[in-house]
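Reader: I would like to learn how to read a structure like this one, feature by feature. Could you walk me through it?

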Amino acid sequence: MSSSTVEPTLPPPDRTTPEPPSREPHLARPPHHPPAVRRPWSRLADLAGLVDAHALALLRATVGIVFVGFGVLKLFPSASPAEQLAVDAATKMTLGLVPETVLLLSLAALETAIGIGLIVGRRLLRPALVAFFLHMGGVFSTLVLLPDAMWQPHSPAPTMEGQYVVKNVVLVAVCLVVAANEWARHSRPRRRTAG
């Protein structure tokens, strides 16, 4: 009897056999890459983008909060440092015909309403802006109506009370920006949809 050995046949070189899938999928993870390190200025850029996207709302809200705060202070006797100054100016504007208590409560209500209108926006924004600019006209008139309280003697420099009034130019500038945006937004022609 002759013994013959059978040699295994190999597949042709152009055919490849697929590798069997791994029975342990948790071992076949992609290589680990360390997380990218964010530089501090990229976070600042993200913050700047966020502020830029909400700039007008931020301006409205901050001025509104200031007005609500100052308006509410006037509801409590002697709580506002500008209380007497506001009453004196309003008394001169009304020729002394309105009692001081009524003037103070009216100013408190007006400032609070302006603040709420600026914060809420929407339909309240336009009336709040009109009231704001009228109110600022009254505020700046104190520079003329109460010169002894507003200006230092023999000097063009404002007193502490005068500085309290003059700093309102910042609020006026902010509300001018808000008003310009509001006016531009509503003055754009609306596109008509074809139908």
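Author: Gladly, and let us start with exposure. Buried means under 20% relative accessible area, exposed over 50%, and partly exposed in between, with a 1.4 Å probe and protein chains only. With a relative accessible area of 89%, His-154 therefore counts as exposed. This is a predicted model, in which local features need pLDDT of at least 70 and side-chain atom pairs count only at pLDDT 80 or more, while totals for chains, interfaces and linings use all residues. Residues are numbered from 1 along each chain as its sequence is written, and side-chain values use heavy atoms, with hydrogens and water left out.

Reader: Where does His-154 sit, and what is its phi?

Author: Helices (H or I, at least four residues) and strands (E, at least two) are DSSP runs, numbered from the N terminus. His-154 belongs to the loop between helix H6 (147-150) and H7. Its phi is near 60°, a positive value in a residue other than glycine. Arg-122 also has a positive phi, near 50°, and lies in the loop between H4 and H5. Arg-122 is exposed because its relative accessible area is 73%.

Reader: Is Thr-159 buried or exposed, and which residues does it touch?

Author: Thr-159 is in the loop between H6 and H7, and it counts as buried because its relative accessibility is 14%. For touching, the rule is that contact means heavy atoms within 4.5 Å. Not counting residues up to four places away in sequence, Thr-159 touches Ala-149, Met-150, Trp-151 and Gln-152.

Reader: What is the secondary structure of the protein chain as a whole?

Author: The chain comes to eight helices and zero strands. Of its 195 residues, 24% count as buried. Among contacts between residues at least 6 apart in sequence, 65% join residues at least 24 apart.

Reader: At what angle do H3 and H5 cross?

Author: Axes are lines fitted to C-alpha atoms, for helices over the stretch in contact, and angles run from 0 to 180 degrees between N-to-C directions. Under 35 degrees counts as roughly parallel, over 145 as roughly antiparallel, 65 to 115 as roughly perpendicular and the rest as oblique. The axes of H3 (residues 83-93) and H5 (residues 125-145) come within 10 Å and cross at roughly 85°, so the two helices are roughly perpendicular to each other. Ala-89, Lys-92 and Met-93 of H3 make the contact with Gly-138, Ser-141, Thr-142 and Leu-145 of H5.

Reader: Which residues lie nearest the centre of the largest pocket?

Author: On a 1 Å grid over the protein atoms alone, a cavity is a set of points where a 1.4 Å probe fits but cannot get out, and a pocket is an open set with protein on both sides within 12 Å along at least five of seven lines; lining residues have an atom within 4 Å of a point. Here 27 residues line the largest pocket, and Ala-86, Leu-107, Glu-111, His-135 and Val-139 lie nearest its centre. H5 gives the most to this lining, with six residues.
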